[in-house]
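Subject: Structure for your files

Hello,

Here is the structure I said I would pass on. My notes on it follow below.

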Amino acid sequence: MKERKASSTKIITKKNKRENNNTVSSETASNKSKAVYIINYAKQFKGTRYKWGGTSKSGMDCSGLVYESFKSSNISLPRISRDMAKKGNKIKLKEALKGDLLFFKTGNRRNSINHVGLIVDIRNNDIKFIHATTSNGVIISGLNETYWLKAFYEARRIL
(Lines give C-alpha, C1' and ligand atoms only; values in the text may rest on other atoms or scores of the structure.)
Protein backbone atom coordinates (compact mmCIF):
# COMPACT_ATOMS: atom_id res chain seq x y z
CA MET A 1 0.00 0.00 0.00
CA LYS A 2 1.42 3.39 -1.02
CA GLU A 3 1.38 6.22 1.46
CA ARG A 4 0.22 9.59 0.25
CA LYS A 5 2.42 12.47 1.23
CA ALA A 6 0.57 15.38 2.71
CA SER A 7 0.69 18.34 0.43
CA SER A 8 2.00 21.57 1.89
CA THR A 9 0.22 23.61 -0.75
CA LYS A 10 -2.12 26.12 0.83
CA ILE A 11 -5.57 26.30 -0.69
CA ILE A 12 -6.59 29.89 -1.25
CA THR A 13 -10.08 30.55 -0.02
CA LYS A 14 -12.04 33.77 0.06
CA LYS A 15 -11.18 34.02 3.77
CA ASN A 16 -7.43 33.55 3.08
CA LYS A 17 -7.59 36.19 0.37
CA ARG A 18 -9.21 38.66 2.76
CA GLU A 19 -6.55 37.94 5.38
CA ASN A 20 -3.75 38.44 2.83
CA ASN A 21 -5.30 41.70 1.61
CA ASN A 22 -5.72 42.89 5.20
CA THR A 23 -2.05 42.14 5.86
CA VAL A 24 -1.04 44.24 2.87
CA SER A 25 -3.46 46.99 3.90
CA SER A 26 -2.20 47.03 7.48
CA GLU A 27 1.42 47.21 6.25
CA THR A 28 0.48 50.13 4.01
CA ALA A 29 -1.41 51.80 6.86
CA SER A 30 1.55 51.23 9.16
CA ASN A 31 3.95 52.81 6.65
CA LYS A 32 1.55 55.71 6.15
CA SER A 33 1.32 56.37 9.89
CA LYS A 34 5.12 56.09 10.17
CA ALA A 35 5.44 58.64 7.37
CA VAL A 36 3.05 61.02 9.17
CA TYR A 37 5.04 60.64 12.39
CA ILE A 38 8.38 61.23 10.62
CA ILE A 39 7.00 64.27 8.77
CA ASN A 40 5.58 65.79 11.96
CA TYR A 41 8.89 65.18 13.73
CA ALA A 42 10.77 66.95 10.92
CA LYS A 43 8.34 69.89 10.91
CA GLN A 44 9.22 70.74 14.52
CA PHE A 45 12.59 71.95 13.15
CA LYS A 46 11.04 74.52 10.75
CA GLY A 47 12.91 77.78 11.20
CA THR A 48 15.97 76.12 12.74
CA ARG A 49 19.16 77.75 11.46
CA TYR A 50 21.50 75.86 9.17
CA LYS A 51 24.58 74.31 10.75
CA TRP A 52 26.87 71.97 8.85
CA GLY A 53 26.79 68.61 10.64
CA GLY A 54 23.95 69.80 12.88
CA THR A 55 21.27 67.47 14.23
CA SER A 56 19.38 69.58 16.77
CA LYS A 57 17.25 72.71 17.30
CA SER A 58 20.45 74.72 17.72
CA GLY A 59 21.42 73.95 14.11
CA MET A 60 20.58 71.44 11.42
CA ASP A 61 21.85 70.39 8.01
CA CYS A 62 19.77 68.59 5.36
CA SER A 63 20.94 65.06 6.06
CA GLY A 64 20.83 65.68 9.81
CA LEU A 65 17.15 66.61 9.50
CA VAL A 66 16.32 63.43 7.58
CA TYR A 67 18.59 61.27 9.76
CA GLU A 68 17.01 62.48 13.01
CA SER A 69 13.45 62.33 11.64
CA PHE A 70 13.77 58.68 10.61
CA LYS A 71 15.68 57.86 13.81
CA SER A 72 12.65 59.12 15.78
CA SER A 73 10.78 56.16 14.24
CA ASN A 74 13.63 53.71 14.94
CA ILE A 75 14.72 53.66 11.30
CA SER A 76 18.46 53.83 10.87
CA LEU A 77 19.85 55.73 7.89
CA PRO A 78 23.39 56.79 7.04
CA ARG A 79 24.25 60.31 8.20
CA ILE A 80 25.34 61.68 4.78
CA SER A 81 22.91 62.39 1.91
CA ARG A 82 24.96 60.61 -0.78
CA ASP A 83 25.01 57.49 1.43
CA MET A 84 21.28 57.80 2.17
CA ALA A 85 20.74 57.72 -1.59
CA LYS A 86 21.96 54.11 -1.61
CA LYS A 87 19.17 52.97 0.75
CA GLY A 88 15.58 52.01 0.04
CA ASN A 89 14.20 51.73 -3.47
CA LYS A 90 14.52 54.20 -6.31
CA ILE A 91 11.04 55.30 -7.44
CA LYS A 92 9.60 57.34 -10.27
CA LEU A 93 8.69 60.87 -9.26
CA LYS A 94 5.07 60.28 -10.27
CA GLU A 95 4.95 57.40 -7.76
CA ALA A 96 6.28 59.51 -4.88
CA LEU A 97 4.38 59.59 -1.59
CA LYS A 98 4.61 61.54 1.64
CA GLY A 99 7.63 60.28 3.57
CA ASP A 100 9.74 59.52 0.48
CA LEU A 101 13.11 61.19 0.02
CA LEU A 102 14.26 63.51 -2.76
CA PHE A 103 17.94 63.73 -3.64
CA PHE A 104 19.67 66.62 -5.35
CA LYS A 105 22.95 67.58 -6.93
CA THR A 106 23.29 71.27 -6.13
CA GLY A 107 25.68 74.16 -6.59
CA ASN A 108 29.19 73.63 -7.87
CA ARG A 109 29.18 69.95 -6.89
CA ARG A 110 26.61 68.71 -9.41
CA ASN A 111 28.60 65.53 -9.99
CA SER A 112 27.45 63.91 -6.72
CA ILE A 113 24.40 63.91 -4.48
CA ASN A 114 24.84 66.54 -1.79
CA HIS A 115 21.31 67.45 -0.67
CA VAL A 116 18.24 65.59 0.59
CA GLY A 117 14.67 66.53 1.39
CA LEU A 118 11.68 64.72 2.90
CA ILE A 119 8.34 64.85 1.04
CA VAL A 120 5.71 66.35 3.33
CA ASP A 121 2.87 66.97 0.87
CA ILE A 122 1.85 66.54 -2.75
CA ARG A 123 -0.60 69.15 -4.03
CA ASN A 124 -1.68 70.25 -7.48
CA ASN A 125 1.15 68.40 -9.15
CA ASP A 126 3.74 70.02 -6.85
CA ILE A 127 5.77 68.04 -4.37
CA LYS A 128 6.44 69.89 -1.12
CA PHE A 129 9.52 68.83 0.84
CA ILE A 130 11.19 69.85 4.06
CA HIS A 131 14.94 70.36 4.05
CA ALA A 132 17.70 72.52 5.52
CA THR A 133 19.18 75.24 3.31
CA THR A 134 22.35 77.19 4.02
CA SER A 135 20.53 80.49 3.44
CA ASN A 136 17.18 79.96 5.19
CA GLY A 137 17.65 76.99 7.52
CA VAL A 138 14.90 74.39 7.72
CA ILE A 139 12.10 75.27 5.32
CA ILE A 140 9.47 73.67 3.12
CA SER A 141 10.00 74.14 -0.63
CA GLY A 142 8.25 73.00 -3.77
CA LEU A 143 9.94 70.78 -6.33
CA ASN A 144 8.39 72.95 -9.06
CA GLU A 145 10.68 75.81 -8.03
CA THR A 146 13.19 76.20 -10.88
CA TYR A 147 16.31 75.78 -8.73
CA TRP A 148 15.12 72.54 -7.10
CA LEU A 149 13.69 71.07 -10.29
CA LYS A 150 17.02 71.65 -12.09
CA ALA A 151 19.02 70.16 -9.20
CA PHE A 152 16.70 67.15 -8.67
CA TYR A 153 18.40 63.80 -9.18
CA GLU A 154 16.18 60.99 -7.83
CA ALA A 155 13.45 59.94 -5.41
CA ARG A 156 13.74 56.97 -3.05
CA ARG A 157 11.34 55.11 -0.77
CA ILE A 158 12.64 54.01 2.61
CA LEU A 159 9.31 53.05 4.24
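Which residues does Lys34 touch, not counting residues up to four places away in sequence? The contacts of Lys34 are Ser73, Ile75 and Leu159, where contact means heavy atoms within 4.5 Å.

Before the rest, the ground rules. This is a predicted model, in which local features need pLDDT of at least 70 and side-chain atom pairs count only at pLDDT 80 or more, while totals for chains, interfaces and linings use all residues. Residues are numbered from 1 along each chain as its sequence is written, and side-chain values use heavy atoms, with hydrogens and water left out.

Lys34 is found in helix H1. Its relative accessibility is 33%, so Lys34 counts as partly exposed (buried is under 20% relative accessible area, exposed over 50%, partly exposed in between, with a 1.4 Å probe and protein chains only). Ser72 is 38 residues from Lys34 along the chain, and their C-alpha atoms are separated by 9.9 Å.

Overall layout

The chain has four helices and eight strands; these are DSSP runs numbered from the N terminus, helices being H or I of at least four residues and strands E of at least two. From the N terminus on, the order of elements is α-β-β-α-α-β-β-β-β-β-α-β. The chain has 159 residues, of which 39% count as buried. Among contacts between residues at least 6 apart in sequence, 52% join residues at least 24 apart.

The sheet

Six strands make an open sheet with antiparallel pairing, in the order S3-S8-S4-S5-S6-S7; two strands pair if DSSP finds at least two bridges between them. Strand S3 (89-91) and strand S7 (137-142) stand at the edges with a single partner strand each, so one side of each has no neighbour in the sheet. On average, neighbouring strands are turned by 35° against each other, direction ignored (axes are lines fitted to C-alpha atoms, for helices over the stretch in contact, and angles run from 0 to 180 degrees between N-to-C directions).

Helix H2 (residues 62-71) packs on this sheet and touches S4, S5, strand S6 (126-133) and S7; the direction of H2 makes about 65° with that of S5. H2 is mostly covered, with eight of its ten residues buried. Among the buried residues of H2 are Leu65, Val66 and Phe70, and also Glu68. S6 is mostly covered as well, with seven of its eight residues buried.

The pairings, strand by strand:

- Strand S4 (residues 101-104) and strand S8 (residues 152-157) pair antiparallel over four bridges, and Phe104 has Phe152 in S8 as its bridge partner.
- S5 and S6 are antiparallel and pair over five bridges, with Ile119 opposite Phe129 in S6.
- S6 and S7 run antiparallel and are joined by six bridges. Ala132 has Val138 in S7 as its bridge partner, and the hairpin of S6 and S7 has three residues between the strands.

Backbone points to check by eye

The hairpin of S5 and S6 has two residues between the strands, and Asn124 there takes a positive phi near 45°. Asn125, in the loop between S5 and S6, has a positive phi of about 65° although it is not a glycine. Asn125 is exposed, with a relative accessible area of 74%.

Asn74 is another non-glycine residue with a positive phi, of about 60°. Asn74 lies in the loop between H2 and helix H3 (81-84) and is exposed, at a relative accessible area of 76%.

The second largest pocket

The second largest pocket has a volume of about 350 Å³. On a 1 Å grid over the protein atoms alone, a pocket is an open set of points where a 1.4 Å probe fits, with protein on both sides within 12 Å along at least five of seven lines, and lining residues have an atom within 4 Å of a point. Grid points are joined across faces, edges and corners, and the volume is the space filled by probe spheres set on the points.

The lining has 16 residues, and Asn31, Lys32, Ala35, Leu97 and Lys98 lie nearest the centre of the pocket. Helix H1 (14-43) and strand S5 (115-123) each supply at least two lining residues, and H1 gives the largest share, seven residues. By type, the lining divides into eight nonpolar, two polar and six charged residues (Ala, Val, Leu, Ile, Met, Phe, Trp, Tyr, Cys and Pro count as nonpolar, Asp, Glu, Lys and Arg as charged, and the others, Gly among them, as polar).

Regards
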